[in-house]
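Thanks, everyone. Please look at the screen while I walk through a few local features.

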Amino acid sequence: MSDSAHHSDIIIVGAGPAGLAFCRFFKGSDLRLTLIEKAPLTALQTPAYDGREIALTNTSKEILQNLGAWQRFNPDEIYPLKDAKVYSGHLNYALHFQVPKLMHLQRSLDRLGNLISNHNIKKALYDEVATMDNVTLITDATVTDVNTDDNKACVTLMDGRQLQADLVIAADSRLSGVRRMLGIGAQMHDFGRTVIVFRVTHPLSNHATAQECFLYGRTLALLPLNETMTNCVITLDNTQADELLKMTPEQLAHEAQRMFGDRFGAFSIAGSVHHYPLMGVHAHRFNANRAALIGDAAVGMHPVTAHGYNLGLFSANTLAPLILQAHRRGLDIGSNQLLSTYNRRHQAHTRPLYHGTNAMVTLFTTDTPPMRAVRDLALRVSNNFPPVKHWIAKQLVG
């Protein structure tokens, strides 16, 4: 992988998991890519653990296998997600999801998906991209301006360098600066909540089952890693977050244990504690003149339905093949027609999920007495109405 700037066919801004995956699609192609990242090179070569465990659908697994990244994961750090349970208000009734029988038979699926740490996904994809001689990587670089016209895209860096390409891809974050420079607006949903994440060990088995507990005032998600280690995700109002963040790690683990009713036994902290603001975003469109948005720059999801990175990977898997197909045919890889096709296809996939997820979160985090009754009813109807349950399970499986 070269480290010098040059004129490119495609410029990608953002070397997160979505940007790296997008680049990897072009291995073996004669298209020249420039990947710009504001973090230092060492942050890509040895990404730090950030507390995030990514629930990958079976379709995402297949994409990552095709990109050579899945094979780079340590098998001991691929955690099967076999079942999922959702609770509302209390822990005495659960909406239970398993792999639909038809999908189990047709695709030989034995799990809803797999959990893999975010830093491991980034490292595997970086290691793949690092083998590509048609990718120029520029790190420690901040983009200060993006201009596009009918013929080219021009990206200006803080050090004054100007890079040109036929197409620019924004993969920089849900608060994307490139998206703003392109004049693309976005619907942003600040949930006013904080996510606190940490691992715990416990004596009793988690049975490879994810638990989503919409308790009154707080939400607790338990993501199974190995049989006796679980990733805890506590979501609560910003006004309450300081109380938990001031706790020692041991106190925080005990609080999560209490919230789950001691069902796995005593929790012991197993690593560092991380916290993040909770915000959803959906761009009004995913394309502009010679530009496209992928990953969180296009859609940043509430984590409750675990679609975040899956949608980011899906965006790359939608756009990159369109570009490769156009290139093979000698067509313009940055044409409005191509980018409009990508926008239409990805919007059709993301908008229902984004708005559906936000509606579900609103329903299950509204604690007025009438809404509590609606929440309970929603769980029981979903559990006992196979078409609804099957559709939701299909989304989880991918």
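On one side of helix α11, P369, P370, L377 and N384 are exposed. Exposed means over 50% relative accessible area, buried means under 20%, and partly exposed is in between, with a 1.4 Å probe and protein chains only. A word on the source: this is a predicted model, where local features need pLDDT of at least 70, side-chain atom pairs count only at pLDDT 80 or more, and totals for chains, interfaces and linings use all residues. Residues are numbered from 1 along each chain as its sequence is written, and side-chain values use heavy atoms, with hydrogens and water left out.

Back to α11. Its buried residues are R375, L379, S382 and N383. They sit on the same side of α11, because they cover an arc of only 105 degrees around the axis. That arc is taken from the directions from the helix axis to the C-beta atoms. Helices here are DSSP runs of H or I with at least four residues, strands are runs of E with at least two, and both are numbered from the N terminus.

How far does α11 reach from its first C-alpha to its last? The helix has 16 residues and reaches 23 Å, close to the 22 Å expected at 1.5 Å a residue. The expected span is 1.5 Å times one less than the number of residues. Just after α9, G330 takes a positive phi of about 75 degrees.

R375 counts as buried because its relative accessibility is 0%. What does its side chain reach? The backbone oxygen of F214, at 2.6 Å. That is a polar contact: a pair of N or O atoms within 3.5 Å, where within protein one must be able to donate a hydrogen and the other to accept it, and residues adjacent in sequence count only if both atoms are side-chain atoms.

N58 makes a polar contact too. A polar atom of its side chain lies 3.2 Å from the backbone oxygen of R111. N58 is in helix α3, residues 58-66. At 7% relative accessibility, N58 is buried.

Next, empty space. Rolling a probe the size of a water molecule over the atoms shows where it is left. How many cavities of 30 Å³ or more turn up in the whole structure? The search finds 1. A cavity is a set of points, on a 1 Å grid over the protein atoms alone, where a 1.4 Å probe fits but cannot get out; lining residues have an atom within 4 Å of a point. The largest cavity has a volume of about 30 Å³, and a volume is the space filled by probe spheres set on the points. Its lining is S88, H90, Y93, D376, L379 and R380. Helix α11, residues 369-384, gives the most, with 3 residues.

Last, the loop between β13 (186-201) and β14 (209-215), where H207 is found. A208 is in that loop as well. Phi of H207 is near 55 degrees, positive in a residue other than glycine. For A208, phi is likewise near 55 degrees. Buried or exposed? H207 counts as exposed, at 61% relative accessibility. A208 counts as buried, at 13%.

Conventions. On a 1 Å grid over the protein atoms alone, a cavity is a set of points where a 1.4 Å probe fits but cannot get out, and a pocket is an open set with protein on both sides within 12 Å along at least five of seven lines; lining residues have an atom within 4 Å of a point.
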